[in-house]
Amino acid sequence: MSVVETNVATTGAMATGANSPAAAESWQPSILAFACHWCTYSGADLAGLNRMEYPANVRLLRVPCSGRVNPQYVLSALGKGADGVLVCGCHPGDCHYVSGNYYAKRRLMAFKRLLEFTGLEPGRFQVRWISGSEAGKFRDTVTRVCEEVRALGPLTTDQRQALADPVLAGAAATTQAGEAQ
Amino acid sequence: MSDTMRYAYFPGCSAAGTSIPYTLSAGFIAKKIGLELVEIPDWNCCGTSAALVTDRDLAVALPARSLAIAEHNAATAGLDVATPCAGCFASLKSARDYAASSEQRRARVEAMIGESYSATADVFSFLELMAQEAAATAIEQAIQDAALTLAGLKVACYYGCALVRPASICRFDDNENPQSMDRLVALTGAEPVEWAFKTECCGASHQMTEPAAARQLIERIFVDAAANGAELIATACPLCMLNLDLRLAEVNKRRQEAGQTTFDIPVFYFTELLGLCMGGGVRQLGIDRHFHPAEPQAKRLRTLQQLAEEQAAREAAEAAEAARQRDVRKEEAARKKSEAAADAVPAAAGQGTVADEKEVHA
Amino acid sequence: MSRIGVIVCHCGSNIAATVDVEQVVQVAKTLPHVAYAADNKYTCSDQGQQAIKEAIVEHRLDRIVIGSCSPRMHELTFRKMLSQTDINPYMLEIANLREQCSWVHKNKAEGTAKAIDLIKMAVAKCDRDQPLFTMSIPVNKRALVIGGGIAGMQAALDIADAGYPVTLVEKEPSLGGKMVMLDKTFPTMDCSACICTPKMADVGSHPNITVKSLAEVEQISGYVGNFEVTIRERAKYIDYSLCTGCGLCETKCPTKTPSSFEQGLGLRKAIYKPFAQAVPGKPTIDAEHCRKLTTGKCGVCEKVCPLGAIRYDDTDKVTAETYGAIVVAIGYQLIDWGSIYGEYGGGRYADVISGLQFERLVNASGPTEGHVVRPSDGQEPKSVVIVKCVGSRDPEHGRSYCSRACCMYGAKHAHQYLDKVPDGRCYVFYMDVRTPGKGYDEFYMNTQHDGALYLRGRVSKIYQQNGKLICQGEDTLSGQQVTVEADMVVLETAMVPANDADRLGSMLGITRDKDLWLSEAHPKLRPVETNSAGIYLAGTCQGPKDIPDSVAQASAAAMKVAVLFAHDELESNAMIASSDVALCNGCGACVSICPYSAITLEEITLRENSKKVTRRISKVNPGLCQGCGACTVACRPGAMDLRGFSDEQIMREVDALCQW
Amino acid sequence: MQTADLSAIAADDLKLAAKIARQAGVGLDDCYQCGKCTAGCPMAHAMDLVPRQVIRALQLGQVERAVNAKGSWVCANCMVCSARCPQGVDISQLMLAVRHYGKKHGLRPEPDADKFDDAFVANIRNFGKSNEAILAAKYNLVSGHLLQDLGSVPKMLSRGMIGPKIHGVKDKKSVRAVVDRVLKDGGQQ
């Protein structure tokens, strides 16, 4: 995958330059949130419609279903610059695709334990169920995750390197297929 | 079950006291079928319901002590435990299950009894033990060898509570309509009756402290047994036995005073019935030691030859009667046929192709 | 090399107030492969759309990123716009700058920074957009209805009346289901047969309906609009094209056996119609009991049949046909209470009967011609106990749910009994009385006025003593242990799914809930649809319900079919999964995870290194795939991907956010 | 009839009730008061609060009312209730838990049963085995029912069921130690 040449690193909130001491003071956590189209993404839209304010550190990435979220995406995000990752989907039993969030729950929970085993703080990877009508819950969840990650501080270079370890990627692949068990 | 049918034997406190007939008759059967019972040395009382209502731990610790001894003693080590008494069975099995359920609990039990206990050996009641295939087959064989039968005797098999409840611990027979004792009793040729009080409580634990209320529990068991034609009740528990046998007189007295019918329904251990059919004597099995006289029912024992002779005589009588009725029917049929033939002519003409049903059958 | 056009919308001041649109455009211009970037006041307006169309031509753009409101708002609008250009409508990404940015942040610097990130993500993803195409699926306008009870009949009639041909498959010899067995229906007490048999006749004679009785669905494949269905009609041993249903064979047949229609309370012949008004109105031979078929001797029916319609050598008929839609209406059965309630005698007492048996006893055309008598001795019971919730609300022994109809039919039974035996006494043991429905509670109160004594408590034991059935209960309202000596006991038993539910459910790709009821697509908003497009539910197969609710759901299902059939063609989803043959190792993980049974394993033969090899690979059915992507994550070799949300696209979004 | 002021029931009362139920592995809110337990209870006719009402009292947080009732002391522990409960509530164990709580806190509405059990446990502690005659005599003494069952003594004697010999274990100390260890620790799992 090509790394794109650019001169706008300073404007991107997720610039990895945050690790430099000069940037420490103004450091803002960068959080990537995977949101399923049917529940959480529309919940977020509803929060907008209601003009609910929440921290600007969160970027939503729309997926059709939380079951579409491959643990590899999370590894990649944390390895490459995000300080925290949130995966959100429909409530258990409400999945637009019948059982996608059930599989997401099973594989992501196994994956979370794996991440914690590598020394990642539990607050940095969270899975939450937010419906299309729960604008308030969306705001609260995002705000809380943001605060938690802010309290944890930036992810260290060592941690990021640990996450880039190919052994971990292999292990993540096994949680990926966790539903087969 | 082990091939040799060897068990560590927990007799229970009543074995040498109120349940002597059970001890005698079970011992007689054991000898006949090659069942070896090795008594656990210096076993102690299982604590029964008194320990349970006093303290949950006590109800585990008391039986656990005996079970631990069985493990440690060379003669009983590695053997499953067998006990005649339903109450002891419940206590022992509950304690064993508790200790076996987690390492933590097992350690607690060891701390309470002050010695090691692995909780590996299982616990069986005599009923379950004898209902198992190998023992039941041996019992059937022994009865065949003795050529004796209790045919015609109607028996209400009474299981009580502790052998079937809770199902999670007993894991043995249906708790509303159990069949294991019925099947064993049927081996004697006797007829187990269907009745509804097989597993209703007899109130044994309350006979001292709540006598008025608890006597009713005894009475309703006899009422239902009688209503279903039972001539005796078979039981597998010394407490039930003592309770029903001892207090039947009192029940009868009350009923007599109230102008109700009284019951002549003695209570037997199921082992006494089996023992009788294996050739055991009334005194040998302890049947003479019941409170309500049981000898009349025991005297219904016959040899298979006697039974065959009776049956042959009955069949001959029946055959003669059947032959007589056949003749009557024949005459009747002949008369009807001639009438029907007269009626059938217009009907057949109306239907055209319709054939006479009788012809088709022919 | 792609040429991306980026348009950032002001949305009046909705976006522009907290996002520096100009700066976003400037940054966008610097992003790779962006050939054009501009702002627009109202992008969704006609002028806004026109401006994009012009830019596409002018700058030779091949894909578009729009920074505007939520894609849930205008994604379709912009796709439509693109379909009027040379660009494929799926070469489009939308960055949500309004609902998820300008409206929720006040600080303009933060808002602008976030908007830039969102545009970067969209550009990164858009760079890998592929043209996607929908398929048009022809709709075969013939419906299959499985189950000929009241729900199945109603659905079939409605669809047929809308002008579409319907095949109705019924596993019993006659239509009618459970309803035709009932005596009267609550709360109006109209005769069940009187309102049910006309429907049966309508179905039987409708020119658009083909009834297949004694038939079962054996196999189903395909997808909405195109279901390939194999149906097995079991041998009836009678040529229906000749038989007139005169019934002579039945009167002459020498073999009698318990009738399942009469719930074992009456007998029928080996050649029989289950009941007089059966549809089809022609008999069948029960091969299990027929003397001719079991022993080779007899043949009475063949001899008496004036038309020569008997066929002892008849065999099952298997047919395969294509249907566009399926309505499942397989109904329910009653729980086998005897195996779980030893305390009620476990089925040993002849006079402890089920509610459905009572319906036959009290029915004028039933085995006793409507005289309420004890099955054991034919005597009229002078006291009857009715026990509700037998198997319902009893997770330990039966089911946890409430069966919904028993409170009402329990009250009906009490009323009917007291009506037929005015000097009788009736006791009803209940847990709660649940009567939500028009006229329902009034009906229940009337039953109490009739003299039924309602006792709140669950019966613990029923046993027979001296010819009486003794019921032990507690009247929890007065706190007393009570016993009733009854002549007969009626158990109002739980409804449970039909035997077939599990097999049929898995064949059709319909999920079953914990109790094996077939699941609707959404409990509130899609109550008759299933997760399989084109398959609908009617009646009790979806959960316990009474007749009015079953009929209502059946008509709703029929409407769904009619709506589907109003189209000649359906458009398939473009954003679906597909498997890369080169990477697939045939492990089947995708097959088991797919909630729509859209993936199958197939053997293919291909040339690898100039050798012929046969491999198992997975194949996605585009008519069934809904595009959830669960399979992509389960695929370890990475062969399965989702169009429109590919692994590469999502990874590029992640990278765009984290690496720049 | 007394009015129960439910708002006067503190959260702690409810907690205590739940705690007692937990000892029995019972969730109080599982019970929907169908009364099947009581309907089949062989001893219900001798109870003031029947099993269903004991659970109800606990559901309301009225622990003392539940404990002070005879119900749990009269329970014969036959477990029919537990076997038949539609909700899997182990009522039998719950009655036992209520009784244990009462015993621990000196609430003993049914002293005869308690005296019998105490006599029984003492019998085991002393001899290691239960001696029915001694037990019966002792119970009759402490309960004041002096003549109860005396009629059967000669019968038992003549049948060899009771006699002058006292049964016991050899290692009396070890049994005594088990009993003392468990009861001194306050027992209870």
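Begin by selecting chains A and C: 49 residues of chain C and 49 residues of chain A form the contact between them (two residues are in contact if their C-beta atoms, placed from the backbone, lie within 7 Å). The model is predicted: local features need pLDDT of at least 70 and side-chain atom pairs count only at pLDDT 80 or more, while totals for chains, interfaces and linings use all residues. Residues are numbered from 1 along each chain as its sequence is written, and chains are lettered from A and ligands numbered from 1 in the order in which they are written.

**First stop: chains A and C**

Of the 4 pairs of chains in contact, A and C share the most contacts. On the side of chain C that touches chain A, select the elements that give two or more residues: helices H1 (21–30), H4 (98–102), H5 (108–126), H16 (589–593), H17 (630–634) and H18 (647–659) of chain C. Helices (H or I, at least four residues) and strands (E, at least two) are DSSP runs, numbered from the N terminus. H18(C) supplies the largest share of this side, 10 residues. Colouring this side by class gives 23 nonpolar, 14 polar and 12 charged residues (Ala, Val, Leu, Ile, Met, Phe, Trp, Tyr, Cys and Pro count as nonpolar, Asp, Glu, Lys and Arg as charged, and the others, Gly among them, as polar).

**Second stop: a helix pair in chain A**

Within chain A, select helix H2 (residues 40–49) and helix H5 (residues 135–152), which pack at an angle of about 95° with their axes 8 Å apart. Axes are lines fitted to C-alpha atoms, for helices over the stretch in contact, and angles run from 0 to 180 degrees between N-to-C directions. H2(A) and H5(A) are therefore roughly perpendicular to each other (65 to 115 degrees). On H2(A) the contact is made by A:Thr40, A:Gly43, A:Ala44, A:Leu46 and A:Ala47, and on H5(A) by A:Ala135, A:Phe138 and A:Arg139. By class, this contact has 5 nonpolar, 2 polar and 1 charged residues.

Next, display chain B beside chain C, where 14 residues of chain C are in contact with 12 residues of chain B. On the side of chain C, helix H10 (300–304) and strand E24 (461–465) are the elements that give two or more residues. That side of chain C has 4 nonpolar, 6 polar and 4 charged residues. Chain B does not touch chain A; their nearest C-alpha atoms are 26 Å apart.

Centre the view on C:Val328: beyond its neighbours within four places in sequence, its contacts include C:Ile146, C:Leu504, C:Leu518 and C:Cys541.

**Last stop: chain D**

Finally, select chain D, which has 11 helices and 0 strands. Its C-alpha trace spans about 60 × 35 × 30 Å along its principal axes. Colour domain 1 (6–104) and domain 2 (111–184) of chain D separately; the bounds come from an automatic or database domain assignment. The C-alpha centres of these two domains of chain D lie 30 Å apart. Of the 189 residues in chain D, 47% are buried. Among contacts in chain D with a separation of 6 or more, 64% join residues 24 or more positions apart. No contact joins chain D to chain A, and their closest C-alpha atoms lie 23 Å apart.

Definitions and conventions: Angles under 35 degrees count as roughly parallel, over 145 as roughly antiparallel, 65 to 115 as roughly perpendicular and the rest as oblique. A residue is buried if 20 or more other C-beta atoms lie within 10 Å of its own, exposed if 12 or fewer, and partly exposed in between; C-beta atoms are placed from the backbone.
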